[in-house]
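Thanks for coming, everyone. Please look at the screen while I walk you through this one.

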Amino acid sequence: MTVTDAAQVHWEAAAALRQADPQLADLLAAEAVRRAESLQLLAGENVTSPAVLAALGGPLIDKYAEGYPGRRHHAGCALADAAELLAIDRARQLFAAEHANVQPRSATSAMLAAYAALLRPGDVVLAMSLQHGGHLSCGSRANFSGRWFDFIGYGVREDDQLIDLDQVRELARLHRPKAIVAGGISYPRHLDWAGFRKIADEVDAYLIASVAQITGLIAGGVAPSPVPYADVTVAATHKLLRGPRGGLLLCSAELAERVDRAVFPFSQGGAAMNEVAGKAVAFAEAATAAFAEYLHRAVDGARALGEVLAAAGARPQTGGTDTHLVTADVSPLGLSGREAEQRCAAAGLMLGKCALPYDPAPAAEGSGIRLGTGALAAQGLGRSEFAEVGALIGRLLTDGPDPVIGARVRELAAAFGVR
Ligand SMILES: *Cc1c(COP(=O)(O)O)cnc(C)c1O
């Protein structure tokens with residue numbers, strides 16, 4: 001049986017769904033096939049671990065447990081309490097944090113709670129500008145953040161694409177923000193947490209670490225941890241961590257109550273207790289040697305991808321990577337980011353177009369592509385396979401579409417099953 005057949009059978013086997021809703025069952029079977037036949041390089045995607053999936057589909061999915069362990073608004077919460085306490089304890093240990101809140105439904109809602117815990121509407125916040133890789137929750141006018149706070153953006157230097165802490169300090173002194181946000185969605189280098197802390201102290205601002213993209217690397221000790229430096233750390237349990245979609249907040253014991261109240265009741269109602277259970281499983285898995293080995297392959301693979309793409313004529317931003325991310329300028333190849341994304345997607349290579357700092361192209365086109373190695377590392381790819389994937393992308397971008405490339409992508413995808 002091929003991987004594609006296996007993916008289809010997996011969904012055919014969901015008998016209750018097939019009987020109740022054949023239309024949706026067909027959709028999911030087709031999605032399983034699409035997934036099994038392509039190689040996933042979108043930076044935020046991964047393969048959720050089977051143990052986490054089991055917890056997500058487990059009995060806590062039905063439990064209403066508004067509030068916190070020992071302080072619930074509903075009856076029958078003793079076991080839900082035990083599951084949440086397990087998640088909290090494991091998160092505190094994994095990240096060496098005094099306090100953890102495991103209830104945010106997403107990293108964006110965790111950002112909302114972090115702001116709510118520390119700020120008032122109208123406060124000035126200094127964060128990475130969206131053009132330079134800040135997330136929507138760092139001041140987009142289309143997002144609550146840009147409507148409720150007064151955002152000032154810092155960026156990266158034009159010549160080496162690295163964060164310029166001197167610029168951050170200058171802007172902090174000029175605008176006296178109430179909080180500084182460090183972290184973004186496409187910055188491939190480690191952040192200087194002590195440097196950000198020093199600037200925050202100089203202007204008496206809070207430091208918020210926005211690390212959804214690299215939470216897994218921090219858990220595994222592969223990226224430096226912001227926890228000793230930041231007042232509040234905003235993390236994600238999906239992406240590299242391979243847990244359920246969701247957010248996580250880490251902070252000092254002193255801020256614990258403010259952070260907890262900012263999640264419930266300020267910005268959320270009852271937590272999804274099945275997700276909380278899934279987070280507990282993900283935190284335990286992230287502490288294993290197998291997880292460390294997966295992270296090692298993810299980072300090593302990203303380096304290999306960057307090198308091969310550079311050899312093909314693309315320009316990796318910052319000249320390389322410390323993480324699972326590669327952001328590369330494809331304009332030297334005569335393509336826009338959107339064209340590169342489409343050409344790769346047609347061959348089963350899923351990656352994302354992106355606008356680069358100082359990008360002259362319209363945002364909808366972008367001059368860059370962004371790749372992440374989390375999902376393929378979870379499927380078992382190592383350095384030599386990542387180098388081959390990079391070479392396939394390089395050939396597509398330089399020589400144009402070629403059916404041989406699509407066939408090789410499907411072969412690789414079949415050799416490394418999704419689950
Ligand atoms: C992915 C990401 C987010 C958004 O996460 P959601 O869970 O989709 O809300 C926010 N900030 C950063 C830095 C991210 O990488």
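First, a term: helices (H or I, at least four residues) and strands (E, at least two) are DSSP runs, numbered from the N terminus. With that in hand, take Y358, which sits in the loop between β14 (352–354) and β15 (368–372). Its phi is positive, about 60°, although Y358 is not a glycine.

A word on the source. This is a predicted model, where local features need pLDDT of at least 70, side-chain atom pairs count only at pLDDT 80 or more, and totals for chains, interfaces and linings use all residues. Residues are numbered from 1 along each chain as its sequence is written, and side-chain values use heavy atoms, with hydrogens and water left out.

Now, burial. Buried means under 20% relative accessible area, exposed means over 50%, and partly exposed is in between (1.4 Å probe, protein chains only). Y358 has a relative accessible area of 41%, so it is partly exposed.

A96 also has a positive phi, near 50°, and it is a residue other than glycine. Find A96 in the loop between α5 (78–95) and β4 (99–101). Is A96 buried or exposed? A96 is exposed, because its relative accessible area is 65%.

Move along to strand β4, where N101 lies. N101 has 1% relative accessibility, so it counts as buried.

Next, the ligand. Which residues surround the ligand? They are S106, A107, T108, H135, G184, I185, S210, A212, Q213, H238 and K239. Near here means that one of a residue's heavy atoms lies within 4 Å of the molecule or strand. By class, this shell has 3 nonpolar, 7 polar and 1 charged residues. For those classes, Ala, Val, Leu, Ile, Met, Phe, Trp, Tyr, Cys and Pro count as nonpolar, Asp, Glu, Lys and Arg as charged, and the others, Gly among them, as polar.

Polar contacts come next. A polar contact is a pair of N or O atoms within 3.5 Å; within protein, one must be able to donate a hydrogen and the other to accept it, and residues adjacent in sequence count only if both atoms are side-chain atoms. A backbone N or O atom of A107 is 2.9 Å from a ligand oxygen. For Q213, a polar backbone atom is 3.4 Å from an oxygen atom of the ligand. For K239, an N or O atom in the side chain lies 2.7 Å from a ligand oxygen. The ligand alone exposes 390 Å², and the protein buries 86% of that. Those areas come from the Shrake-Rupley method with a 1.4 Å probe; for residues, only the protein chains shown count as cover.

On to the interior. A nonpolar core is a set of buried Ala, Val, Leu, Ile, Met, Phe, Trp, Tyr and Cys residues joined through side-chain atoms within 4.5 Å. The largest one has 93 residues, and I163, I180, F196, L349 and I393 have the most contacts inside it. Helix α13 (residues 289–311) gives the largest share of this core, 9 residues.

Last stop, Q379, in the loop between α15 (374–378) and α16 (383–399). At 9% relative accessibility, Q379 counts as buried. Its side chain reaches the backbone oxygen of F416 at 2.7 Å.
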